[in-house]
Amino acid sequence: MRALVVDDEPPALSELTYLLERDGRLGSVHPVASGTDALRALEDGDIDVVFSDISMPGLDGMELARVVNRFARPPLVVFVTAHEQHAVDAFAVRAVDYVMKPVPPARLSQAVDRVVAALAQRGPAAVESGEAVGRVQGTPPDPAEERIAVELGGVTRFVQRSSVRYVQAQGDYVRLFTGSASHLLRLPLTTLEERWAAAGFIRIHRSTLVNLAHVGQVRQAQGRLSLRLLPDGPELPVARRHARTVRERVLGEGA
């Protein structure tokens, strides 16, 4: 793999470059000191992954990622930062990982693991031909591949969207429920409703979205509809205003 390292602080740039060069999975590691220099390097040669700081003068890491995502063949992006507050934004630009400074070598190795796995999902033929550095411009990502950055015990983790069974609004936040845990995000429910509609999430209540892939039963009693989630999940009420949509999407009625 070919890696680009971006950081405006020389000690941090030198340390991260050193750690990555010690990882035998990376064939080359090219350090640059700004987002602008990163774009020049990306234009000059094929890069598989960019390890970037976020808070930088001029073109910062988040802006760099947005530009990179418009490439015909965008590289993967791993953020390496001292600031936790950008984790949700990292999810929005499809970052592979979010590593906190100071960077423990073992944690950086985990990030490289995720890069290797993400490249492998693009297929061995793509890696050999150079297609692994991105997808055709304008082709949307597989909805099931979207990952959400969440904070848990001071550690940033990524949750696969396909593992989210349902989402509930809680004031200015939403809580994502997976099979084994729940995660709080500062994000409007309407934003997720629009963004995740193509991935099979539907609104069943003013405060609830459900992933149809996890619906096991549809129940109706006393004129009220509810959904039971798999496996042995909760039973969620369906508001009357959403009942028709639920019947159409889940039972195929009216299709």
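How many bridges join strand β8 and β12, and in which sense do the two strands pair? Strand β8 (residues 166–170) and β12 pair in the antiparallel sense over 3 bridges. Two strands count as paired if DSSP finds at least two bridges between them. The model is predicted: local features need pLDDT of at least 70, side-chain atom pairs count only at pLDDT 80 or more, and totals for chains, interfaces and linings use all residues. Residues are numbered from 1 along each chain as its sequence is written, and side-chain values use heavy atoms, leaving out hydrogens and water.

The protein has 8 helices and 15 strands. These are DSSP runs, numbered from the N terminus: helices are H or I with at least four residues, strands E with at least two. Buried residues make up 43% of the 255 residues; buried means under 20% relative accessible area with a 1.4 Å probe, counting protein chains only. Contact means heavy atoms within 4.5 Å. Among contacts between residues at least 6 apart in sequence, 53% join residues at least 24 apart.

Strand β12 spans residues 208–211. Both of its faces are covered. T208 and V210 are buried on one side, L209 and N211 on the other. Y166 stands opposite V210. Strand β11 (residues 201–205) also pairs with β12 in the antiparallel sense, over 4 bridges. Here H205 stands opposite T208. A hairpin of 2 residues joins β11 to β12.

Strand β14 (residues 224–229) and β15 share 4 bridges. L227 has L236 in β15 as its bridge partner.

The largest nonpolar core holds 39 residues. Such a core is a set of buried Ala, Val, Leu, Ile, Met, Phe, Trp, Tyr and Cys residues joined through side-chain atoms within 4.5 Å. L4, F79, V167, L176 and W196 touch the most other members. Helix α3 (residues 61–68) gives the largest share, 4 residues. A second, separate core of 22 residues includes A3, F51, L76 and V99.

How values were computed
Buried means under 20% relative accessible area, exposed over 50%, partly exposed in between (1.4 Å probe, protein chains only).
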